[in-house]
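Take a look at the charged side chains in this model. The text below walks through the pairs they form.

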Amino acid sequence: MAKPIVLIAEELSPATVEALGPDFDVRNVDGTDRPALLAALVDASAILIRSATQLDAEALAAGTRLKVIARAGVGLDNVDIKSATTAGVMVVNAPTSNIISAAELTVGHILSLARHIPPAHAALAVGQWKRSKYTGIELYEKTIGIIGLGRIGALITARMQSFGTRVVAYDPYVTAARAQQLGVTLLSFDELLQQSDFITIHMPKTPETTGMISDAQLALMKPTAFIVNVARGGLIDEDALHRALTTGVIAGAGLDVFVHEPPTDSPLLALDNVIVTPHLGASTDEAQEKAGVSVAKSVRLALAGELVPDAVNVAGGIIDPTVRPGIPLMEKLGQVFSGLAEHSPITSIHIEVRGEIVAHDVSVLKLAALKGIFTNVVAESVSYVNAPLLAELRGIDVRLITDSTSDEYRNLLTIRGALSSGSQISVSGTLTGTKQIEKIVEINGYDVEVPVAEHLIVMLYADRPGIVAIYGREFGEAGINIAGMQISRREAGGQALSVLTVDSPAPAGLLESVRIAIDADLMHEIDIVTT
């Protein structure tokens, strides 16, 4: 088989290609050369980019085989995530690759502002010895205000505390306990602006945060205060900042990011009390290598059909090792579930997880169930990304139910649903033994214990003597080998459910003749497709 094609559209570290390994046909393309990019996307299964390559709806339409877009960095402004999700394309980034680099650059800007390092260097480089002009201030006992106390904010806190500073923060999503753990005082937004000597912003760019620092906020700051932004251009209103810097409202600013990059026409570049860098937050050898290696690993996982912790358009997150074995089982249960539904539309799906496993985050199992359910019933390529969207578009009510109690099994996974015909269907499975064998343990309320197999036939009929002989003869004459069989019933003479594992698919005509011969109420052939 031909290897999947992985495109590298921008310069990445050699370690990135090494992390991809030998399983892919790795090709290079200039992501800024639009015709070349669109042509290369036609055969690509994955593409690795940085910030220059634009992956919009047009690019996604060209990449009909595309399964994953990997951004070697944090920002995703150049990726149309909505179109990617609709197309079933996973989008991944490297959210922690540059946090140390960004934190250290922030500290660098603060130090440069406090001691006028860049202008002092520039003056001396042209022979001007201006010691008195560049008298600075100490950081010791100053107040550092951090807007956004996430991972980068926490790193900056630790580094600034080593200077003997007082660190305050504004973050409505951080608990008092977390702030106390970090040694940070939580303040309101206005209080932070009023009390801080240096303010640094570490917020995502959203409609709510765009322009969050404007004239009114700058007016609250001390006239001796400095503000730093290495997060996202646009968090500070640049026109308002220019007014504040030229009228003495604040003392200075350090900027690594801008609304328009490069900011060649920005009047901020001409000010003496502004220190600027060209978006260097992630520009360290270590950060670039970490980003490339991280997304290369994500590409491997995505093309293997597994969930990716750093996927931004699926409910990713860290998957506990206890939960991970349940993912392929739940996906296979989903395929059995859809096979049981036959041609009757599904109106609701309840994904139930019971047992010790619910001590961990099991939301990934909901995605796995939906992916399995839709794998064989829709024309689209189904992934963990678009499976929830497929359910939503079909008006299916989907719920995840967890319960720490499981009476018969250590952990039990169940998919239960209602059909438009009014009937209810269900299938349950578990993992048994040290080898974690996948087994189906319930179908439509009937107890069974059947190892998951590629081809299953499920029959429901009135229990009476001779039934096994009838379908055994029919399958035998058709050359269909029965590898395993289990019959479950609730009472003698009532309804019986028989589950057969067979070595090859049974022709549709054969199933119909068997159904007529045994007068079966239901007969389903279920082929489980493994990824």
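**Salt bridges along the chain**

R34 is partly exposed, because its relative accessibility of 23% falls between the 20% and 50% cut-offs. Keep in mind that this is a predicted model. Side chains of opposite charge can pair when their charged atoms come close. Here, R34 meets D56 in a salt bridge, with 2.5 Å from N to O. R34 sits in helix 2 (residues 34-41), while D56 sits in the loop between strand 3 (44-49) and helix 3 (57-62), so the pair ties together parts that are 22 residues apart in sequence. D56 is also partly exposed, at 29% relative accessibility.

Move on to two helices. Which side chain does R243 meet in a salt bridge? The partner is D215, at 2.7 Å from N to O. This pair links distant parts of the chain: R243 belongs to helix 11 (residues 238-246) and D215 to helix 10 (residues 215-220), 28 residues apart. R243 counts as partly exposed at 41% relative accessibility. D215 counts as partly exposed too, at 37%.

Next comes R399. Its side chain forms a salt bridge with that of D397, at 3.1 Å from N to O. R399 has a relative accessible area of 47%, so it is partly exposed. D397 is partly exposed as well, with 33% relative accessibility.

Some charged residues join in a network. Salt bridges link E352, R354, D403 and R416.

How many salt bridges does the count come to? The count is 17 salt bridges. Among them are R34 with D56, R243 with D215 and R399 with D397.

Terms used:
Residues are numbered from 1 along each chain as its sequence is written. This is a predicted model: local features need pLDDT of at least 70, side-chain atom pairs count only at pLDDT 80 or more; totals for chains, interfaces and linings use all residues. Side-chain values use heavy atoms; hydrogens and water are left out. A salt bridge is a side-chain nitrogen of Lys or Arg within 4 Å of a carboxyl oxygen of Asp or Glu. Helices (H or I, at least four residues) and strands (E, at least two) are DSSP runs, numbered from the N terminus. Buried means under 20% relative accessible area, exposed over 50%, partly exposed in between (1.4 Å probe, protein chains only).
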